[in-house]
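User: I would like to learn how to read a protein structure, feature by feature. Could you walk me through this one?

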Amino acid sequence: MASEQQMKDPLLVGTAIRAQLEHEIPQDIPLDRDFHEHTDYTITDHVQELHRKLSKDPRTLELITSLVSHIHAFARETRPTHAEWSKTIQFLTAAGKESTDYKNEFILLSDCLGLSALLDELEHPKPSGCTDSCEPGPFYTEDAPEVPSGSSLAKAGTHGEAMYFIGTVKNLKGESIQGAKVDVWQADGDGLYDIQYPDRVDANDRGKIIANPDGTFTYRGILPTAYPIPSDGPAGQFLRWLGRHPHRASHIHFAVKAPGYDDLVSALYPSHSPFLGSDPVFATKKLLICQLVEEHDPTKWAEMGFKEGEVKSGRVWVWKYDFVLASVEEVEEVKRIQGYNAKL
Ligand SMILES: [Fe+2]
């Protein structure tokens with residue numbers, strides 16, 4: 001094993017290392033075993049042993065030990081060629097170069113691999129009977145206004161057909177939850193969020209609804225349509241390689257909060273939408289799909305709060321859903337039963 005004196009010997013180490021030794025002396029270990037494939041001490045064993053001996057953080061060691069184990073097994077199983085690995089490196093390099101503050105190719109890849117959805121389910125387990133959670137996506141903004149139940153979230157002139165949403169917020173016992181706030185954000189009838197319009201002045205198709213004391217709420221808005229995730233970069237290429245498309249089914253995002261209850265971030269999908277079973281980011285879950293009803297009676301439109309002439313398509317899409325929240329204690333109990341261990 002090299003001594004500190006050896007490390008600093010200009011005959012043995014170059015200028016760059018000696019400069020770094022001014023700040024930190026690395027821990028060295030002797031190489032007393034050789035490692036080869038098809039022997040009882042492979043490169044996998046050697047990498048793991050090096051990490052075991054040098055790593056100081058147990059959680060980092062646990063994560064990397066598992067990663068090395070799986071990625072080496074992947075290499076042995078699939079035997080990528082140099083050309084394939086070179087293509088992979090080029091792909092990841094492009095993902096890094098094309099990522100911006102507004103479009104992160106690595107987040108998209110995590111989503112498209114189903115990893116984001118899996119991590120969300122692992123970290124936010126829900127008791128049976130609760131509304132499933134799903135990814136919030138990239139279009140949430142902080143500037144949505146706080147509004148009472150019954151408000152309109154769509155400005156006049158927003159493109160799309162009229163929609164009326166009727167919701168309740170209950171607990172697992174079926175009791176109404178008091179003090180619920182329902183943050184809503186959605187695309188319009190062109191499949192675009194307000195922030196995708198260059199002339200946006202303030203929030204549209206979004207709002208923080210204060211539910212009624214009995215846990216009910218309604219809002220008037222626009223029926224959203226399907227839209228694609230960004231597909232002009234490596235994540236889009238990835239989808240095309242797999243024969244997949246980038247289109248997300250129509251949906252509305254919700255974030256529901258109430259005192260004493262676990263925060264719920266989710267989305268709901270109309271059953272009439274295409275792409276429900278081939279969601280590029282795997283956020284569409286069966287229990288979040290809703291059957292909408294068309295209301296053709298103008299007197300009912302007026303009762304919903306639509307003004308004369310406001311409904312232009314001859315119908316209002318009525319969308320009902322009952323959100324079920326778990327209490328903080330119920331979620332802790334699920335985590336305890338599932339052996340959840342927040343290590344980081
Ligand atoms: Fe979305």
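This is a predicted model: local features need pLDDT of at least 70, side-chain atom pairs count only at pLDDT 80 or more; totals for chains, interfaces and linings use all residues.

User: Let's begin with the overall layout. What does the domain assignment of the protein give?

Analyst: The assignment lists domain 1 (4-78) and domain 2 (115-337). The C-alpha centres of domain 1 and domain 2 are 48 Å apart.

User: Now the helices, please. How are two packed helices described?

Analyst: Two packed helices are described by the angle between their axes and by the distance between those axes. Take helix H3 (residues 43-54) and helix H4 (residues 58-78): their axes come within 10 Å and cross at roughly 175 degrees. An angle over 145 degrees counts as roughly antiparallel, so H3 is roughly antiparallel to H4.

User: Which residues of H3 and H4 meet?

Analyst: On the H3 side they are Thr44, Val47, Gln48, His51 and Arg52, and these meet Leu61, Ile64, Thr65, Val68, Ser69 and His72 in H4. Sorted by class, this contact of H3 with H4 has 4 nonpolar, 6 polar and 1 charged residues.

User: On to the sheet. In what order do the strands of the open sheet stand?

Analyst: Six strands form it, in the order E1-E5-E4-E9-E10-E11, and the pairing is mixed. At the edges stand strand E1 (146-148) and strand E11 (289-290); each has a single partner strand, so one side of each lacks a neighbour in the sheet.

User: How do I read the individual pairings, then?

Analyst: Look at the direction and the number of bridges. Strand E4 (residues 181-186) and strand E9 (residues 252-257) are antiparallel, with 6 bridges, and Gln186 has Ile252 in E9 as its bridge partner. E9 and E10 also run antiparallel, joined by 5 bridges; here Phe254 stands opposite Ser266 in E10. Their hairpin has 6 residues between the strands, and Gly260 in it takes a positive phi near 90 degrees. By contrast, strand E10 (residues 264-270) runs parallel to E11, with 2 bridges, and Pro270 is partnered by Cys290 in E11.

User: And strand E6, is it enclosed or open?

Analyst: In strand E6 (residues 216-222), 5 of the 7 residues are buried, so the strand is largely enclosed by the rest of the structure. Strand E3 (residues 162-171) pairs with E6 in the antiparallel sense over 7 bridges, and Gly167 has Phe217 in E6 as its bridge partner. Strand E2 (residues 151-152) runs parallel to E6, joined by 2 bridges, with Ser152 opposite Arg220 in E6.

Technical notes: Residues are numbered from 1 along each chain as its sequence is written. A residue is buried if 20 or more other C-beta atoms lie within 10 Å of its own, exposed if 12 or fewer, and partly exposed in between; C-beta atoms are placed from the backbone. Helices (H or I, at least four residues) and strands (E, at least two) are DSSP runs, numbered from the N terminus. Two strands pair if DSSP finds at least two bridges between them. Axes are lines fitted to C-alpha atoms, for helices over the stretch in contact, and angles run from 0 to 180 degrees between N-to-C directions. Angles under 35 degrees count as roughly parallel, over 145 as roughly antiparallel, 65 to 115 as roughly perpendicular and the rest as oblique. Two residues are in contact if their C-beta atoms, placed from the backbone, lie within 7 Å. Ala, Val, Leu, Ile, Met, Phe, Trp, Tyr, Cys and Pro count as nonpolar, Asp, Glu, Lys and Arg as charged, and the others, Gly among them, as polar. Domain bounds come from an automatic or database domain assignment.
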